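Please take the sequence and the model shown here together, and follow the paragraphs below with both in view.

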Amino acid sequence: MVPVALVAVVVAAVVASRWGRRPAAGWHGWLRFPISSALLAAAGMLMIDYVAAYASYCLRVQLLIRFGGLLIGVGAALALVPGLRLVVAVRLGVVMAGLAEVSTTGILAVIYAIAVTVWWLQRLWQRPPQRWLPGT
């Protein structure tokens with residue numbers, strides 16, 4: 001999460017200096033990231049990493065790994081699509097659960113990082129309102 005937070009701070013600083021004004025709702029409202037996305041992805045990754053310490057091929061361990069992948073997929077979908085979250089979350093969650101293995105946690109993390117990057121790019125595309133506010 002540190003690289004994601006660092007990119008967010010740099011992007012916010014560039015955007016704030018480039019626009020020269022603040023959004024009507026404030027920067028905190030405009031830059032608000034879906035916390036449910038981060039919580040689900042973190043829970044999924046922790047579940048996979050915790051279970052990876054007991055890497056065996058018993059059914060319970062494999063189901064927990066798949067459920068962790070499902071959580072990461074749903075977290076990525078919550079970051080990507082604001083309108084059709086349920087449809088995308090089910091499909092992306094199933095795909096990520098299929099990809100989930102002890103050796104593929106890097107791939108899952110990269111997919112989530114791409115989803116977060118797309119979310120930030122969507123926010124950059126949406127400019128704050130043109131209304132001038134006192135003190136900006």
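**Burial and overall build**

Of the 136 residues of the protein, 34% count as buried, where buried means under 20% relative accessible area, exposed means over 50%, and partly exposed covers what lies in between, with a 1.4 Å probe and protein chains only. This is a predicted model, in which local features need pLDDT of at least 70 and side-chain atom pairs count only at pLDDT 80 or more, while totals for chains, interfaces and linings use all residues. Residues are numbered from 1 along each chain as its sequence is written, and side-chain values use heavy atoms, with hydrogens and water left out.

The protein contains six helices and zero strands, and its pattern along the sequence reads α-α-α-α-α-α; helices (H or I, at least four residues) and strands (E, at least two) are DSSP runs, numbered from the N terminus. Among the contacts with a separation of 6 or more, 73% are accounted for by residues 24 or more positions apart, a contact being heavy atoms within 4.5 Å. The accessible surface of the protein comes to about 8400 Å², and 73% of this belongs to carbon and sulfur atoms, the areas being computed by the Shrake-Rupley method with a 1.4 Å probe, where for residues only the protein chains shown count as cover.

**The nonpolar core**

In soluble globular proteins, nonpolar side chains tend to be buried together. Here the largest nonpolar core has 18 residues, and those with the most contacts inside it are Ile48, Ile65, Ile72, Ala100, Leu108, Tyr112 and Trp120; such a core is a set of buried Ala, Val, Leu, Ile, Met, Phe, Trp, Tyr and Cys residues joined through side-chain atoms within 4.5 Å. At least two residues of this core are supplied by each of α3 (35-52), α4 (59-80) and α6 (105-125), and the largest share, six residues, comes from α6.

The 18 residues of α3 should span 26 Å at 1.5 Å a residue, and the end C-alpha atoms are 26 Å apart, which agrees; the expected span is 1.5 Å times one less than the number of residues.

Ile65 and Ile48 are 17 residues apart in sequence, with a C-alpha to C-alpha separation of 5.1 Å, and with the same exclusion of residues up to four places away, Ile65 touches Ile48, Val51, Ala100, Glu101 and Val102.

Leu40, in helix α3, is partly exposed, with a relative accessible area of 24%. Its C-alpha atom is separated by 6.1 Å from that of Ile72, 32 residues apart along the chain, and, leaving aside neighbours within four places in sequence, Leu40 is in contact with Leu71, Ile72, Val74, Gly75 and Leu78.

**A charged pair**

Side chains of opposite charge can pair when their charged atoms come close. The structure holds one salt bridge, that is, a side-chain nitrogen of Lys or Arg within 4 Å of a carboxyl oxygen of Asp or Glu. Glu101 forms a salt bridge with Arg66, and the closest N and O atoms are 2.9 Å apart. Because Glu101 lies in the loop between α5 (85-99) and α6 while Arg66 lies in helix α4, the pair ties together parts that are 35 residues apart in sequence. Glu101 counts as partly exposed at 24% relative accessibility, and Arg66 is partly exposed with a relative accessible area of 28%.

**Toward the surface**

Leu6, Val10 and Val14 make a nonpolar surface patch of about 280 Å²; patches consist of residues with over 30% relative accessible area and no salt bridge, with like charges joined within 9 Å and nonpolar side chains (Val, Leu, Ile, Met, Phe, Trp, Tyr) within 5 Å. Val14 is found in helix α1 (residues 2-19) and is partly exposed, with a relative accessible area of 48%. Pro3 also lies in helix α1 and is exposed, at 56%; the C-alpha atoms of Pro3 and Ala113, 110 residues apart along the chain, are separated by 9.3 Å.
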